[in-house]
Amino acid sequence: MKLELRGITKTFGSFVANDAIDLVVEPGEIHSLLGENGAGKSTLMNVLYGLYRPDGGEIVIDGAAVSFSDPGDAMAAGIGMVHQHFMLVPVFTVAENMVLGHEPTRGGLLDLGAARTLVREISARFGFDLDPDALVENLPVGAQQRVEIIKALSRSAEVLVLDEPTAVLTPQETDELMAIMRQLRDEGTSIVFITHKLREVKAVSDRITVIRRGTVVGQADPSADQADLAGLMVGRQVSLAQDKAEATLGEIALQVTDLQVTDAAGIRTLDGVSFEVRHGEVLAIAGVQGNGQTELSEALLGLQETVHGSARLESRELVGRSTKQVLDAGVGFVPEDRTHDALVPDFTVAENLVLDQHDRAPFGTALAMSPKAVRENAEKLIPEFDVRTESAVSAVSTLSGGNQQKVVMARALNRELALLIASQPTRGVDVGSIEFLHRRLLDERDKGTPVVIVSTELDEVVQLADRIAVMYRGAILGIVPGDEDRDVLGLMMAGYTAEAAREAVAAGARTTDSQLADEGEIV
Amino acid sequence: MTTASAVVADDSEIQKKVADVRPDSWWHLPATTTVLGAVALVLFGLRGIPGAESSFALARDGDLNPLGIVPEQITVPSIGTAIALAVIALVASAGLWVLHARVARPRPAARISLIAVFAAAWILAFMTWVISERALDVATLLQGTLALAVPLAFGALSGVLSERSGVINIAIEGQLLFGAFGAALVGSLAGSAWVGLLAAPVMALVMGALLALFAVGYRVQQIIVGVVLNVLAIGITSFFFGTVMRQNPGMFNSPMRLPTLRIPVLADIPVIGRVLFEQNVLVYLMWIIVAVLTVALFRTRWGLRVRAVGEHPRAADTVGIAVNRTRWINVLLGSAVAGLGGATLTIGTGVAFGEEMSAGKGYIALAAMILGRYHPIGALLAALTFAFADSLQLRLGTTSAAEGGVAIPGDFLLMLPYVVALFAVAGVVGRVRVPAANGTPYVKQ
Amino acid sequence: MSTAVADPGSTGSAPGVGSGSTGTPPPPEEQAEARFAQMLQKIARGDLLVVVMSFVFAFLVGSVLIIIADEEVRETLGYFFDRPSDALTAIWQSVTQAYGAMFRGAVFDGPGFSRIVEDLRAAGGSGTYVLFPALATGLRPLTETLTVATPLIIAAAGMAVSFRAGLFNIGGTGQLIVGAMAAGYIGFTWDLPIVVHLLIALLGGLLAGAVWGGIAGFLKARFGANEVISTIMLNWIATYLLFFALKTAAFTGANQSQPTSPSVSDSAILPSLLGSGFRLHAGLFLAAGAAVVLWWLMSRSTLGFQFRAVGSNSRAAQVAGISPSRTAFLVMAVAGALVGLAGAVHVLGTEKRLTEGVAGSIGFDAITVALLGRSGPVGIVLAGLLFAALSTGGRFMETNQGVPLDLVQVIQVLVVLFIAAPPLVRTLIGLRRVDHPGAGARVLRAQRATSGATQSSSAGTQTEADPATDPSAIPSAEVAAQDPGAPPPAAGSPSGAATDAATDADDPTDAKGDER
């Protein structure tokens with residue numbers, strides 16, 4: 001099936017998310033849509049999938065114009081989508097999720113037997129190992145993604161849209177996904193692959209369309225030079241590597257010993273983690289999302305219920321203290337999910353900038369706030385961190401994601417710190433701001449502050465870390481130097497210990513990534 | 001890839017490590033039951049009325065009671081029995097201590113059965129104490145329980161229907177009241193309780209439609225809509241009660257009653273016969289609706305879609321399920337069911353409509369729904385629990401206190417159902433899994 | 001290696017983007033201008049119109065109820081097609097008389113005023129000798145309205161605290177009852193010097209309310225019990241507690257057969273403001289004080305900052321060191337304290353004794369007042385006065401025209417409902433276009449963008465002019481986009497802070513719009 005998008009325009013208020021975008025997806029090709037965060041890729045695909053109504057343009061399938069008023073129409077037309085944020089009901093089983101919306105019935109009742117058979121059939125075809133009766137919420141993200149894929153395939157999708165599918169995967173899982181994509185293509189399914197990761201685009205695409213700020217800025221071949229692609233995508237020359245000075249290590253500042261976290265259901269989510277961080281050092285906690293990093297940072301912040309073990313900052317024990325006491329001890333914290341954990345949407349930018357300091361001088365006392373100090377603080381930080389906002393008293397919810405992240409970072413860095421813990425410090429931020437925020441983090445390190453960075457982005461980890469601790473299933477598999485081989489890190493993220501990973505790499509285990517690097521394709 | 005030796009991975013499902021540490025609050029439950037058991041021992045037992053006897057009336061003349069297997073009345077010494085029951089309760093508490101001390105995470109089945117034993121013994125001890133020098137007709141108590149449970153159960157089912165689809169339904173109270181009002185008004189006009197029975201759900205639909213219009217259509221905060229609609233329902237019904245109905249009660253508000261449908265033979269079984277098989281049509285309807293709804297919610301296409309809408313509306317939308325239409329329909333269905341519950345208050349009990357006659361039952365129904373974990377059967381069981389407290393209160397209030405008997409002030413008895421609901425909500429709610437999208441309006445771009 | 005690009009920290013001041021985009025607020029006069037323009041737009045968008053029309057519609061529905069309830073109207077409707085004028089006259093009369101009585105009972109007693117004027121003139125009086133007594137009669141309803149508004153405003157202030165902290169305190173009735181009980185008990189049993197007695201009685205009511213609200217707060221904080229259910233259960237428990245108390249000697253004094261308490265001693269009574277002929281009392285100042293306290297608490301105090309933070313995003317507040325459970329408890333205790341104070345004021349100023357119905361419907365009315373007043377101090381005072389006027393007028397209407405007071409309740413609730421859903425009102429009056437993207441809305445947006453946010457438009461032009469060199473353009477453009485474009489119809493709804501919070505949080509184009 002040949003899919004064409006002609007002149008698709010979609011506006012939100014006065015913001016043009018898609019401006020007359022043309023895109024042609026030939027049958028049986030992997031067509032990559034490359035663009036930065038906020039470039040309008042997802043908007044375009046949501047238009048294609050009937051979730052958004054376009055303000056202009058048309059969708060043409062095999063030469064005939066179609067119009068989708070809801071996703072049901074799109075599915076009927078043979079378009080399937082694997083969303084960036086999975087569209088799965090967590091409390092349903094794999095089988096239930098797969099059949100939702102086109103349920104087989106027998107005698108008026110649900111025929112879950114038929115659904116299970118279908119799950120097994122499709123799983124077998126692609127070598128997925130999926131239990132039809134497993135609850136989706138108990139599956140790791142990689143498996144959940146496979147559920148999304150079979151969900152689309154079970155509706156005989158001829159065009160499959162994958163929206164940032166690799167964000168939640170290990171390098172190995174990414175390779176597996178790419179293999180699946182190729183297999184699907186070979187069977188005649190067209191694939192639209194949305195990503196901002198150049199190396200993946202180069203590895204798997206048949207054709208590349210680059211969009212920037214809502215418009216198509218170019219077409220490219222997978223053989224195109226990576227730097228050219230990056231330039232096309234960002235609109236200028238980029239290099240993400242930071243000018244990083246050698247770390248000057250000081251005394252041990254944070255000593256974590258055998259830290260354990262148990263969740264409400266009695267499941268141990270953090271399993272005896274030990275490490276130390278020195279003054280003037282960046283320790284990066286790497287790993288695929290959901291392997292205990294969240295629990296680790298929350299345990300240090302006093303946000304977890306049942307914590308055992310010890311975490312001493314200088315000589316003070318952090319475990320067992322309230323969040324407020326931990327913050328008062330000089331810990332700066334950037335939570336991984338800014339909208340959920342860091343920002344109060346109704347509050348102004350100025351109020352959010354003092355959220356964790358609001359009852360301390362100069363911003364306030366135990367009794368009353370000082371609006372003047374709060375305002376002046378905002379007027380100092382907003383230009384310093386280049387937060388784009390109408391004013392200091394605009395609600396923080398009116399800011400774009402990247403600017404919100406700057407607010408969170410500005411807040412954490414706005415005082416003398418004894419320790420900085422930053423989770424996903426640059427998630428959803430545009431390239432220019434990433435450079436700036438990384439610089440600020442390194443400056444903080446160079447001031448002598450011990451810094452813990454939790455990141456699932458290997459690029460970020462490699463750029464910032466002096467040492468890297470890789471987490472897997474609630475434990476630290478090993479702590480390696482900051483310049484460790486990417487393949488070794490990738491294998492560790494998949495559960496290899498440092499030694500085993502090094503052995504494997506020495507024996508020739510490679511990811512697409514490093515192969516491309518060897519071939520001089522990527523930096 | 002080589003060297004599989006060090007691989008920890010098996011990707012199919014997260015391997016769960018159940019920790020052997022107990023939660024820090026593990027002692028709360030056994031401690032609470034122990035204290036309560038001790039209170040029962042002292043208050044109901046040791047400090048009971050010396051020499052008093054408590055009677056429980058069971059079988060009746062004319063019951064199907066071959067050879068008198070079920071005795072007509074059991075009379076026991078109050079103090080001795082209460083002490084014995086309190087000791088049983090304390091033993092159950094001890095069991096809970098042991099259970100929690102030995103295993104960090106005991107099996108729920110063992111835990112729940114011990115709690116059940118404790119609760120039964122404690123309540124019986126209380127009853128033994130409170131009816132010292134009196135007799136309690138158990139069948140009447142249970143019959144009252146069921147009758148009182150009907151409006152609560154219908155209300156709770158209304159909540160289940162609406163909240164499973166993601167719309168918070170605080171307006172159950174208003175729906176009950178409108179149902180009661182509609183049944184009385186239309187029944188009177190038509191001169192037939194059966195017509196009233198049909199009118200009740202239709203009238204309650206008005207409330208449902210308003211809830212859906214504001215909560216789903218205009219995305220107004222759902223709790224606010226619910227609370228405000230309840231006030232509206234009280235206002236409108238009281239207004240008409242004070243005008244039209246008062247001007248001509250014979251025409252607009254005459255008491256009438258749905259006939260009691262007695263199932264022959266079965267109704268003659270001692271104690272439970274009358275409870276289960278000598279009731280009006282609303283009670284039988286309640287059983288049917290609970291059963292139908294249980295199957296429908298968990299075994300049909302409709303139910304799967306409703307639950308998907310309540311858990312993850314966007315996911316439902318992406319597979320072509322009309323989220324807001326589903327919610328509209330469920331809110332309307334729910335309100336109709338609650339209307340039947342309202343009918344119980346007037347034509348079900350044979351009284352005329354009265355101002356604010358729902359008296360907070362809608363909110364207790366809400367508590368029953370939460371306590372019943374958004375499940376029709378759970379909701380029914382919770383409704384029965386609250387109704388038991390209410391029925392007991394009524395029984396104890398009407399049986400005149402004999403000389404020297406235990407006298408609990410009537411107002412405290414009236415408080416009982418509300419206190420039970422308060423404790424139930426506090427004790428259990430934290431552990432209930434709410435439909436994830438409950439209360440969040442769905443906005444399609 | 002950072003090669004091609006200037007330090008991103010400085011891109012904000014790059015030429016063309018302008019200083020505006022770095023967030024420096026515009027000078028004061030510009031701000032004032034912007035505010036004025038905003039106000040005009042609000043009116044244009046129909047905010048004020050929505051409020052007015054909400055009242056109109058509510059009264060229209062009320063008229064329908066009056067018509068249905070009126071026997072004479074029903075009678076004349078019976079032969080409507082024979083002589084429609086009869087029915088129309090009856091309808092007109094019954095509606096105007098009811099609403100006329102409502103006005104007369106709430107604000108100004110015109111007939112009473114004229115009667116006194118005539119009587120005194122007949123007796124040969126003139127000038128102030130006539131005017132003052134006549135005004136006293138004429139304005140008596142207004143003083144009644146103020147009297148009724150007094151506890152309503154205080155209680156609504158309490159409700160507003162909880163609403164703005166994201167808790168739905170429906171327990172006004174219970175908190176009011178225990179406040180009244182405590183204050184009343186101290187008032188009629190203890191023997192204390194003047195002033196001190198009053199203060200202690202008020203404090204007693206305040207503390208009792210705080211405890212009662214605190215119970216719900218504790219259950220919420222400790223067990224996660226839904227506050228809607230627990231506060232409602234506590235309402236009933238308090239009600240029966242009052243019934244029980246009024247059967248005990250401690251509360252009824254000598255006369256134990258009647259469920260009423262003795263009168264509060266003179267030393268504990270809130271002094272009357274206009275002499276013994278009027279019920280208006282010094283509690284009015286407490287009501288004004290409550291509004292000020294609400295303002296200070298929510299806008300200036302540290303506690304209020306924490307309340308609002310938890311109300312808007314409790315998780316983010318927790319991560320910032322504000323304990324949501326402690327806050328939940330404090331919110332309910334503070335809210336309960338204010339409502340309890342309302343109960344104390346009501347019993348010490350207006351009722352002067354405890355009866356079974358002492359709380360009336362103040363507890364529930366306070367919810368609607370807080371919602372209508374959008375949980376703000378000024379709004380609550382206005383809404384409280386308005387609702388008090390409706391109910392004093394309604395009471396007069398009930399005795400004078402036989403229209404039940406419940407009508408007032410219906411009207412009040414309908415006003416709240418209509419105001420909570422502006423799109424509904426706009427649809428009803430045919431203003432819908434303004435609310436939905438269309439030609440009119442675009443123009444408005446464009447106007448707003450130019451007047452309110454100069455920098456966003458300049459950033460926008462920059463985007464078009466030279467998109468390649470300025471990485472800042474996307475975020476800025478998004479700011480511009482999200483302000484006017486993002487709110488779905490409900491986001492601007494004046495239905496209380498809580499409503500706004502809820503809709504904002506769900507607005508998918510906000511905040512989560514990184515990747516559109």
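Biologist: What counts as a contact here?
Modeller: This is a predicted model. C-beta atoms are placed from the backbone. Two residues are in contact if those atoms lie within 7 Å.

Biologist: Among contacts in chain B between residues at least 6 apart in sequence, what percentage join residues at least 24 apart?
Modeller: Take the contacts in chain B between residues at least 6 apart in sequence. Then keep those that join residues at least 24 apart. The share is 77%.

Biologist: Which radius of gyration does chain B have, and why does it agree with a compact globule?
Modeller: Chain B has 445 residues, so a compact globule would come near 22 Å. The C-alpha atoms fill a box of roughly 80 × 75 × 40 Å along the principal axes. Buried residues make up 52% of the chain. The radius of gyration agrees with the globule value, at 25 Å.

Biologist: How many helices and strands does chain B have?
Modeller: Both kinds of element occur in chain B. The secondary structure comes to 16 helices and five strands.

Biologist: How far apart are the end C-alpha atoms of helix α6 of chain B?
Modeller: The helix covers residues 193–217, which is 25 residues. At 1.5 Å a residue, the span should be 36 Å. The value in the model agrees with that: 35 Å.

Biologist: Where does α6(B) bend?
Modeller: The bend is about 30 degrees. A proline, Pro201(B), follows within four residues. Just after the helix, Arg219(B) takes a positive phi of about 55 degrees. The bend itself is at Ala199(B).

Biologist: Which helix gives the largest share of the side of domain 1 of chain A that touches domain 2 of chain A?
Modeller: Chain A is divided into domain 1 (3–234) and domain 2 (252–345 + 399–518). Their centres are 31 Å apart, taken over C-alpha atoms. Domain 1 of chain A puts 15 residues into the contact, and domain 2 of chain A puts in 13. The largest share on the domain 1 side is four residues, from α6(A).

Biologist: Which helix gives the most to the side of chain C that touches chain B?
Modeller: In this interface, 47 residues of chain C are in contact with 44 residues of chain B. Helices that each supply at least two residues on the chain C side include α2 (47–69) and α8 (196–223). By class, that side has 35 nonpolar, nine polar and three charged residues. The top contribution is 11 residues, from α9(C).

Note on methods
Residues are numbered from 1 along each chain as its sequence is written. Chains are lettered from A and ligands numbered from 1 in the order in which they are written. This is a predicted model: local features need pLDDT of at least 70, side-chain atom pairs count only at pLDDT 80 or more; totals for chains, interfaces and linings use all residues. The radius of gyration is taken over C-alpha atoms; the globule rule is 2.2 Å times the number of residues to the power 0.38. A residue is buried if 20 or more other C-beta atoms lie within 10 Å of its own, exposed if 12 or fewer, and partly exposed in between; C-beta atoms are placed from the backbone. Domain bounds come from an automatic or database domain assignment. Ala, Val, Leu, Ile, Met, Phe, Trp, Tyr, Cys and Pro count as nonpolar, Asp, Glu, Lys and Arg as charged, and the others, Gly among them, as polar. The expected span of a helix is 1.5 Å times one less than its number of residues. The bend at a residue is the angle between axes fitted to the seven residues ending there and the seven starting there.
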